[in-house]
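I opened the model to look up its pockets, a helix crossing and some sheets, and kept these notes as I went.

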Amino acid sequence: MIGDISRQSFKLHAELANKLDGHMKYGYRSVDTYSVLFKTGESQKSSSNAVSWIDPAGVCRVEKIGSTKDTAQVHPRLFTETVLEAAKATGVVTLQSGVGVSHLIIKDKTAVGVQLDNNQVVDADGVIVSMGPWSGQLPILDLPIEGRRAHSIVFRPSQSVPAQALFTAILDGTRSHEPEVYPRPDGTVYMCGATDNEPLPASGGDVQVSSKAIEQLEQLRDMLAPELYGGETIAQQACYLPISRDGSPLVGHHPTYKHLYIATGHSCWGILQAPSTGKMIAELVANGRISCVDKEAVEAVDPKNRC
């Protein structure tokens, strides 16, 4: 139902990359994408060698699920920083960071500002709640959003790896894992997975990394491609995915309060759907309606009757 948000956002990503020099600034590039079923402990016979840099002995099945025509990647942090800098460069955007939002200020069922953790009050004609997993922590709103911790590693391989993103299922005895692997144009490889239910901390600066989860990712890397690791680990990290109660993002007017807009709950698809989400909210604020994606998608993510 929300497919048009992803499709339109994919197009916007390409436009932004051309406008903001994304190929150089944040690693934007088209990739081929594969689904890989991998089993440890016994020799398998795969009919495909399309992904030649993983261990062929464990490959049960390789299926191409995307091509350079319809899949691409970015470096999430560099993309976010580039977009923020471009917004600031317009002269009409002021960015204040380092202090969290503690409360919404509501008067007569209308959002009129926010209060920060340092008690500073910021007055506003409208408020957009887009705080990822912390969106559900704001008093009064009680948004149906929770955080789920996920881990990732970034490492430098021992060999050049082609632009092939992998969505894997690794069967290891009685256990199964689904790590994702993304070679980057800078020569590094990003690998993520190992989710858990560790409670959401008070702020992003308090996110802790589980050494056990990192070890699991490293073991899965070595199962999947034992000759790939070149000995240099660049990052061991964790984040919290914003998960909505029904699995779909919340994007639109808040059903109770005027001049309050919601844009959160995108789970692991936040970077993909960010451009469309931003455009949807911009249209809603400026024009009172969303027209950049189809009606079915607008209705599927509408917060009405969901919070």
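**Pocket and cavity**

I began with the second largest pocket, whose volume is about 190 Å³. The model is predicted, so I note that local features need pLDDT of at least 70 and side-chain atom pairs count only at pLDDT 80 or more, while totals for chains, interfaces and linings use all residues. Residues are numbered from 1 along each chain as its sequence is written, and side-chain values use heavy atoms, with hydrogens and water left out.

For pockets and cavities I used a 1 Å grid over the protein atoms alone: a cavity is a set of points where a 1.4 Å probe fits but cannot get out, a pocket is an open set with protein on both sides within 12 Å along at least five of seven lines, and lining residues have an atom within 4 Å of a point. Grid points are joined across faces, edges and corners, and a volume is the space filled by probe spheres set on the points.

I listed the lining of the second largest pocket as Asp 172, Arg 175, His 177, Ala 194, Thr 195, Asp 196, Lys 212, Ala 213, Gln 216, Gln 219, Leu 220 and Met 223. Strand S11 (175–177), strand S13 (189–196) and helix H4 (211–224) are the elements that give two or more residues to this lining, and H4 gives the most, with six residues. Helices (H or I, at least four residues) and strands (E, at least two) are DSSP runs, numbered from the N terminus. I sorted the lining by class and found four nonpolar, four polar and four charged residues, where Ala, Val, Leu, Ile, Met, Phe, Trp, Tyr, Cys and Pro count as nonpolar, Asp, Glu, Lys and Arg as charged, and the others, Gly among them, as polar.

The largest cavity has a volume of about 40 Å³, and I noted Trp 53, Phe 155, Val 181, Met 191, Arg 221, Leu 224, Ala 225 and Leu 228 as its lining. That lining has seven nonpolar, no polar and one charged residues.

**Helix crossing**

At what angle do the axes of H1 and H5 cross? I read that helix H1 (residues 3–20) and helix H5 (residues 270–287) have axes that come within 7 Å and cross at roughly 95°, the axes being lines fitted to C-alpha atoms, for helices over the stretch in contact, with angles from 0 to 180 degrees between N-to-C directions. H1 and H5 are therefore roughly perpendicular to each other, a label that covers 65 to 115 degrees, with under 35 counted as roughly parallel, over 145 as roughly antiparallel and the rest as oblique. In the contact (heavy atoms within 4.5 Å), residues of H1 including Ile 5, Leu 12 and Leu 16 meet residues of H5 including Ile 271, Leu 272 and Met 280.

**Two open sheets**

I turned to an open sheet of three strands in the order S5-S6-S7 with antiparallel pairing, where two strands pair if DSSP finds at least two bridges between them. S5 and strand S6 (residues 110–116) are joined in the antiparallel sense over six bridges, and Ile 106 has Ala 111 in S6 as its bridge partner.

The other open sheet has the order S8-S16-S15 and mixed pairing. S8 and strand S16 (residues 260–264) pair in the parallel sense over three bridges, and I found Ile 128 opposite Tyr 261 in S16.
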